[in-house]
Amino acid sequence: MPLGLIALAIGAFGIGLTEFVIMGLLPDVATDFAVSEAAAGWLISGYALSVVVGALGLTAATVRLPRKPVLVGLLVLFILGNSLTAMASTYEVAMIGRVVAALCHGAFFGIGSVVASDLVPANKKAGAIAIMFTGLTAANVLGVPFGTLLGQHAGWRSTFWAISGIGVLALIGILVLVPVIKHAAEGISLRKELGAFTSLQVWLSLGVTILGYGGMFGAFTYIAYTLTEVTGFNESTVPWLLMLFGVGLFVGNWLGGRMADKSIDRTLLFFIAALLVVLIAFGALASSPVATIVALFLMGGFGFGTVPGLQSRIMQFAGSAPTLASGANIGAFNVGNALGAWAGGLGIAAGLGYTSPIWIGAAITVAALLLVLVAMSLAKKSATAPELAPAS
């Protein structure tokens, strides 16, 4: 395994940690800045919106630059943003820090996916992307619980200083371990990168990402309410149950990467169909503690098992100009997050109960499954796409 993949995974770990750890620290942040819970929540929403902007804007702005220096610059931005949040004297400054850190998120994963795939042979590209995303899953399994614990005992700012330190470690790792790929910046232009979006399969891939991820997050966003109000778990057990979900993410990411190297489309079809079955079973059996525990693990596994394949698919159909399409797909993941959270919230607001987000997530997953089938059918009929052989 190329050591550069480890450096990319460390960067992914830090970025995943800064995105998710604040959820457990919001009460402390709100108290410190004397703002409402809703206002503190904008530190999460503002981050997510900035991810989409950075995924497209920064990727487009740097598309002609060598990828290794761009990754270095993105990590510098990440370190600055988290350091600014850590020493913020006002809520507004903390928000600026969150926005600055978020801008690197989409571009790092988008460009990093291309770099990771360039480090390995063609038949191991999805697995290489999965290794990088292992950092993101590890952030959910280990980083968030321990980051929250650190923030609760040493102050929430200490967590963001620690995240800045992880960013420095990733920066050093990329400088030392990621080689300069000479051909990476040759023949690349923004016009060529935008040309990838003339492919119908690129747009179908983006749609599958939004719907596939939206289905999982429709169920997951309000999972704490489901666990306590429907299943009957004590509130103190929720973090440990969420860690189980994180273990599922880790396993699904690893398995999805291995399977996607053999067949991207069949892998996506399997994982999305399996996620649908799990969500239906979870919705029906949410009052059972045993069923809920199993469903949490499987929901994380099948939901995140699609990620290496989704990222590989769009890069594959983008052909020789994958960087901007890769970044757009990272933005699509965040659009899916927002879609799932919004749709699940509608169910609760309508008085349909705390299992309604699970059923709504299942409905979104049905749409994702249908779109995968359409994409597969059209890909098989196309005689002009050279990437079809490994994709189906």
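S117 is found in helix α5, which spans residues 91-118. The residue is buried, because its relative accessible area is 4% and buried means under 20%. The model is a predicted one, with a mean pLDDT of 83 for the protein.

**Confidence in the model**

- In the protein, 93% of the residues reach a pLDDT of 70 or more.
- Confidence is highest in helix α12 (residues 264-285), where the mean is 94.
- Confidence is lowest in helix α17 (residues 388-391), where the mean is 42.
- Over residues 383-392, pLDDT stays under 50. For this stretch, the model has 18 contacts beyond four places in sequence.

- S117 touches K125 and M315, when residues up to four places away in sequence are not counted.
- N82 has its place in helix α4 (residues 67-86). With a relative accessibility of 1%, N82 counts as buried.
- A polar atom of the N82 side chain lies 3.0 Å from the backbone oxygen of F78.
- N82 also touches T18, A101, F160, I163 and S164, again not counting residues up to four places away in sequence.
- G4 is found in helix α1, a helix that covers residues 3-20. G4 likewise counts as buried, at 1% relative accessibility.
- Apart from its neighbours within four places in sequence, G4 is in contact with L119, L177 and V178.
- G4 and V176 are 172 residues apart in sequence, and their C-alpha atoms are 8.3 Å apart in space.

**Aromatic rings**

- The count of aromatic pairs comes to nine.
- One of these pairs is formed by F33 and W156, with 5.6 Å from centre to centre and 65° between the planes. The pair is edge-to-face, because its angle is over 60 degrees.
- This pair links distant parts of the chain: F33 belongs to helix α2 (residues 26-33) and W156 to helix α7 (residues 156-177), 123 residues apart.
- F33 counts as buried at 11% relative accessibility, and W156 is buried with a relative accessible area of 5%.
- F108 and F109 have ring centres 6.0 Å apart and planes at 90°, so this pair is edge-to-face. Both F108 and F109 are buried.
- Y213, F217, F304 and F333 are linked into a cluster by ring pairs.

- The structure holds three cavities of 30 Å³ or more.
- The largest cavity contains about 220 Å³ of space.
- Its lining is made up of 19 residues, of which E19, F20, L136, Y213 and F304 lie nearest the centre of the cavity.
- The elements that give two or more residues to this lining are α1, α5, α6 (125-154), α9 (200-220), α11 (238-260) and α15 (323-349).
- F304 has its place in helix α13 (residues 289-304). F304 is buried, with a relative accessible area of 3%.
- Leaving aside neighbours within four places in sequence, F304 is in contact with F133, L136, T137, Y213, M216, L249, G252 and N253.
- F304 and V168 are 136 residues apart in sequence and 27 Å apart in space, taken from C-alpha to C-alpha.

- A34 has its place in the loop between α2 and α3 (37-61).
- A34 is exposed, with a relative accessible area of 70%.
- A34 has a positive phi of about 55°, although it is not a glycine.
- As a general rule, most residues other than glycine have a negative phi.

Conventions:
Residues numbered from 1 in each chain as written. Predicted model: local features only at pLDDT ≥ 70, side-chain atom pairs only at ≥ 80, totals over all residues. Heavy atoms only, no water. pLDDT = per-residue confidence, 0-100. Helix = DSSP H or I, 4+ residues; strand = E, 2+ residues; numbered from the N terminus. Contact = heavy atoms within 4.5 Å. Phe/Tyr/Trp six-rings, centres within 6.5 Å; stacked < 30°, edge-to-face > 60°. Buried < 20%, exposed > 50% of the residue type's maximum accessible area, 1.4 Å probe, protein only. Polar contact = N/O pair within 3.5 Å; in protein donor to acceptor, adjacent residues only side chain to side chain. 1 Å grid on protein atoms, 1.4 Å probe; cavity = no way out; pocket = protein on both sides within 12 Å on 5 of 7 lines; lining within 4 Å. Points joined across faces, edges and corners; volume = space filled by probe spheres on them.
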